[in-house]
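Work through the exercises below with the sequence and the 3D structure at hand. Each task is followed by its solution in steps.

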Amino acid sequence: MHNKYATFVLPVLAGLAIVGAGFSTWVFGNTTSATKNATGSAIIAGDETTGPTVSLKLGYISDDTFTEVSAPSFALTLDQGGVSNATNNEAGITFAWQGDSTVTDALNANGLSFQWSISSDDATAYSNYSVTVTYSLELQNVSDGKILSYIDLADSVTMPEGSQTVVTDQLVSGLASGDGTSYINHNVAFKPTSWVYTNKPGNLGEYQSMLSDLGLSYDAESESYTSAQKIAFVFTVETTFTLNQ
């Protein structure tokens, strides 16, 4: 039995903003502040070991058809949720996919999925192998960011994890073919729309500490706070090719 592996990581980066004037305000007594959204982008990166050349794409699946989104990104808006929700950890965080309305509407409706593919040449070379695709998704701070010290996904959001085995006892049998590649669409339909505060500021001092921790600086011209910190949804996909006996 011979196994070959290929592992890939796809971070989906998000910008962060602490919203204030123009949207709503954080209220601690007589204190208010203003902010503006900062957006992020997606990066596709991977490394190969011995085995077939494998590629990975992010996108959405609608009516059994995969549509690639080349650079999916999203923004999180951190707000108080109104003074009446000052101690409500489930209020004040807004999620939004970024980009063209056609893409954002599709991601809102269908969620984020991925497509795993190999070239036709490799599919032919490995036609007598069984292929197991295992995937998982993890939420991470990027670099030395501290965003996840303050927020997290709600318990109602399930992080995708699973596997699928495809037996290729003939040329790419069990795989869908198109445009010189053989591929598998994975409809994980991930919708990270619900978030909660794990460390919501309850007074002005805690609010100022959050601004400092998240590297937010005030821009007088735009009357907003902006941050370069990001978080990432990291897809990890492993493909195992096992020679059929």
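**Exercise 1. Find which residues Lys 200 touches, leaving out those up to four places away in sequence, and describe its surroundings.**

Step 1. Take contact to mean heavy atoms within 4.5 Å. Lys 200 then touches Asp 79, Gln 80, Asn 85, Ala 86, Asn 88, Asn 89, Ala 91 and Glu 206.

Step 2. Note the basis of these values. The model is predicted, so local features need pLDDT of at least 70 and side-chain atom pairs count only at pLDDT 80 or more, while totals for chains, interfaces and linings use all residues. Residues are numbered from 1 along each chain as its sequence is written, and side-chain values use heavy atoms, with hydrogens and water left out.

Step 3. Lys 200 is in the loop between β13 (195-197) and α3. Helices (H or I, at least four residues) and strands (E, at least two) are DSSP runs, numbered from the N terminus.

Step 4. Check burial and charge. Buried means under 20% relative accessible area, exposed over 50%, and partly exposed in between (1.4 Å probe, protein chains only). Lys 200 is buried and has no salt bridge; Asp 79, the nearest side chain of opposite charge, is 7.9 Å away. For charge, Lys and Arg count as positive and Asp and Glu as negative; His and the chain ends are not counted. A salt bridge is a side-chain nitrogen of Lys or Arg within 4 Å of a carboxyl oxygen of Asp or Glu.

Step 5. Look for polar partners. A polar atom of the Lys 200 side chain lies 2.8 Å from the backbone oxygen of Gln 80. The side chain also reaches the backbone oxygen of Asn 85 at 2.8 Å.

**Exercise 2. How many salt bridges does a search of the whole structure find?**

Step 1. The search finds two.

Step 2. One joins Glu 68 to Lys 57, with the closest N and O atoms 3.9 Å apart. Glu 68 is in strand β4 (residues 65-68) and Lys 57 in strand β3 (residues 54-62), 11 residues apart. Glu 68 is partly exposed at 40% relative accessible area, and Lys 57 is partly exposed at 32%.

Step 3. Lys 146 forms a salt bridge with Asp 213, again with closest N and O atoms 3.9 Å apart. Because Lys 146 lies in the loop between β8 and β9 (151-153) and Asp 213 in helix α3 (residues 204-213), the pair ties together parts 67 residues apart in sequence.

**Exercise 3. Describe two of the aromatic pairs.**

Step 1. The whole structure holds nine aromatic pairs. Rings of Phe, Tyr and Trp (its six-membered ring) pair if their centres lie within 6.5 Å; planes under 30 degrees apart count as stacked, over 60 as edge-to-face and the rest as tilted.

Step 2. The ring centres of Trp 116 and Phe 241 are 6.2 Å apart and the planes meet at 35°, so this pair is tilted. Trp 116 lies in strand β7 (residues 112-119) and Phe 241 in strand β16 (residues 231-243), so parts 125 residues apart in sequence are tied together. Both Trp 116 and Phe 241 are buried.

Step 3. Phe 190 and Phe 233 form an edge-to-face pair, 5.0 Å centre to centre with 80° between the planes. Phe 190 is buried at 3% relative accessible area, and Phe 233 is buried at 2%.

Step 4. Phe 190 and Phe 233 also belong to one aromatic cluster, together with Phe 74, Phe 95, Trp 97 and Trp 195.

Key:
A polar contact is a pair of N or O atoms within 3.5 Å; within protein, one must be able to donate a hydrogen and the other to accept it, and residues adjacent in sequence count only if both atoms are side-chain atoms.
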